[in-house]
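Student: I would like to go through this model and ask what stands behind each term. Can we start with the surface?

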Amino acid sequence: MEKIVACQTCGLVQQADDVPKGSVIKCARCHFQIFHRRVDSRVRTMAFSLAALIFYIPANLYPIVTAEYQGHHIQTTIFQGISSLFTLHQYFIGSLMFFTSMLTPGLKIIGLMFITLTLDWPHWKKARTWVFKIIRIIDPWNMLEVFLLAICVSMVELGEVATVHPGRGVFSFAAVVVLTLLATLSFDSRLLWDSPTERKL
Amino acid sequence: MNEKLPLLPKAQVGKGHLNWLLWLIPIAAAFLCAWFVGEDIIFAGPTVTIYFENADGLQEHNSLLEYRGATIGEVGILKLTKDRQRVAVKVQLDASAANIARQGSVFWIVRPEVKLGALSGLQTIVSGNYITVEPGNGERTNQFIGAETAPIKPVQALDIRLLAPKLGSLQPLSPIFYRDIQVGEVLDCRLSDDAREVVIHARIREEYAPLVRMNSKFWNAGGINVHIGLFSGANISAESAQTLISGGIEFATPADFQNAATNDAVFNLNEKSEDEWEKWSPAIPLHSVPEAMKNKSTLPNLKNPR
């Protein structure tokens with residue numbers, strides 16, 4: 001069946017044939033891929049959020065930094081950092097840290113996994129929409145953790161008296177940040193409201 | 001509508017990529033995490049528990065176990081034992097130091113110590129106290145009783161006992177001189193069993209051990225000696241600036257010296273010297289430097305470590 005499609009990249013309207021499975025349509029002018037819904041959106045989101053979920057565990061259990069300050073040997077995980085901020089009565093920064101680096105990545109990963117896993121199920125459509133709304137709300141806050149990391153690193157660099165080794169936690173945390181970013185990027189929100197027949201296109 | 005369609009360009013058909021490759025990302029993530037955990041389990045040495053009477057200065061998860069200046073373990077948690085007599089210190093050893101967990105290993109806490117004539121552990125004032133160890137060679141074990149102080153190394157030396165009516169200014173680490181050269185030191189001082197005199201436990205270094213003969217005379221060289229005589233006038237003498245503060249012992253051996261002193265030989269400590277003693281100058285051949293000391297500068301046999 002022939003249909004008329006518009007290229008998302010250069011805007012050229014063109015006609016396209018049905019393509020066999022495993023093949024893709026490419027624009028006649030700019031040769032970019034033309035898609036009805038973002039390419040492999042569901043599989044990509046699932047894969048990225050699963051990888052992020054796996055990294056979320058060592059990111060929280062392993063120390064972010066191992067600092068050696070005048071012979072004192074201090075290892076700090078994210079949670080220890082937050083709780084020490086609270087004991088120092090830095091409630092605002094402590095809760096900011098908690099929300100941006102522990103709560104929001106976790107919520108986002110679980111939310112994306114929930115949506116992609118239950119997508120074929122006709123029920124819970126409303127729940128999926130709600131979860132998507134929450135993800136949309138916490139998304140900008142999620143970006144904050146990147147800045148927070150940058151601030152942490154600069155603070156560490158300032159203290160030249162201390163020798164600081166990045167722990168495994170910070171590597172895992174960076175992986176969580178990148179993978180959740182990729183998962184959100186590859187998620188096509190239109191999938192939420194597509195009927196099963198529409199999704200086949 | 002059908003007439004317009006041919007005017008539109010025709011989209012191309014290209015080959016799609018394999019989307020199952022995406023699943024390699026979570027698999028790689030799982031492998032990496034498994035490696036993190038595996039490294040912790042495989043490359044971690046055993047955990048040992050050391051019971052100290054006083055774990056003062058140790059910090060949970062922060063203090064280190066060091067041996068010859070290398071970090072070979074980390075202190076985990078500190079816990080009071082049920083009978084409240086000791087503190088159980090869990091130490092996670094590095095894999096390279098798994099051999100330390102043997103019976104006979106002695107663990108003690110290095111603290112700053114300031115004593116006259118000896119400062120030790122000064123680095124711990126800034127760096128915090130740490131645990132160190134003298135490895136043993138017994139069976140493998142994970143439970144140790146921590147020592148309060150560094151064990152006195154079994155060195156080749158001559159240990160003698162001096163009896164004195166009063167301790168005076170002597171104290172552990174007070175020097176022992178022969179012709180004003182330090183040849184040994186006081187290890188400890190205590191009252192004799194019947195409290196009638198003071199027993200001073202002294203150690204003479206091995207190379208100087210032949211100087212001590214059974215008829216050697218020891219006298220207290222600390223403090224200031226003041227002689228005021230009718231004809232000689234005032235005579236003030238002190239052995240050295242150090243002995244003024246920390247006290248000291250001097251000894252001399254007569255020309256007709258007897259056999260070399262044996263370990264735990266007992267001598268009297270005189271309060272002051274007699275002029276005659278200071279004139280004695282017998283010729284006594286000294287031990288040469290022991291062979292073991294010479295070998296210290298050679299590289300250890302790395303291929304066959306003990």
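**Surface, interface and core**

Tutor: Chain B has an accessible surface of about 19,300 Å², and carbon and sulfur atoms account for 55% of that surface. The model is predicted.

Student: What makes a residue of chain B count as buried, and what percentage of the 306 residues do?

Tutor: The cut-off is under 20% relative accessible area. Of the 306 residues, 35% count as buried, so 35% fall under that cut-off.

Student: Why is the pair Arg168(A) and Glu39(B) called a salt bridge?

Tutor: The closest N and O atoms of Arg168(A) and Glu39(B) are 2.1 Å apart. The rule asks for a side-chain nitrogen of Lys or Arg within 4 Å of a carboxyl oxygen of Asp or Glu. The pair therefore counts as a salt bridge. Across the interface of chain B and chain A, the rule finds one salt bridge.

Student: What does H1(B) give to the side of chain B that touches chain A?

Tutor: H1(B) gives ten residues, the most to that side. In total, 34 residues of chain B are in contact with 40 residues of chain A. The two chains bury about 3,200 Å² between them, with 62% of that on carbon and sulfur atoms.

Student: How do you know that Phe55(A) is in contact with chain B residues?

Tutor: Contact requires heavy atoms within 4.5 Å. Phe55(A) is in contact with Ala29(B), Leu32(B) and Cys33(B), among others, so each of these has heavy atoms within 4.5 Å of Phe55(A). In the largest nonpolar core, of 33 residues, Phe55(A) and Ile115(A) touch the most other members.

Notes. Residues numbered from 1 in each chain as written. Chains lettered and ligands numbered in written order. Predicted model: local features only at pLDDT ≥ 70, side-chain atom pairs only at ≥ 80, totals over all residues. Heavy atoms only, no water. Core = buried A, V, L, I, M, F, W, Y, C linked by side-chain atoms within 4.5 Å. Buried < 20%, exposed > 50% of the residue type's maximum accessible area, 1.4 Å probe, protein only. Areas by Shrake-Rupley, 256 points an atom, 1.4 Å probe, with all protein chains shown as cover. Buried area = accessible area lost by both parts, 1.4 Å probe. Helix = DSSP H or I, 4+ residues; strand = E, 2+ residues; numbered from the N terminus. Lists of a residue's contacts leave out its neighbours within four places in sequence.
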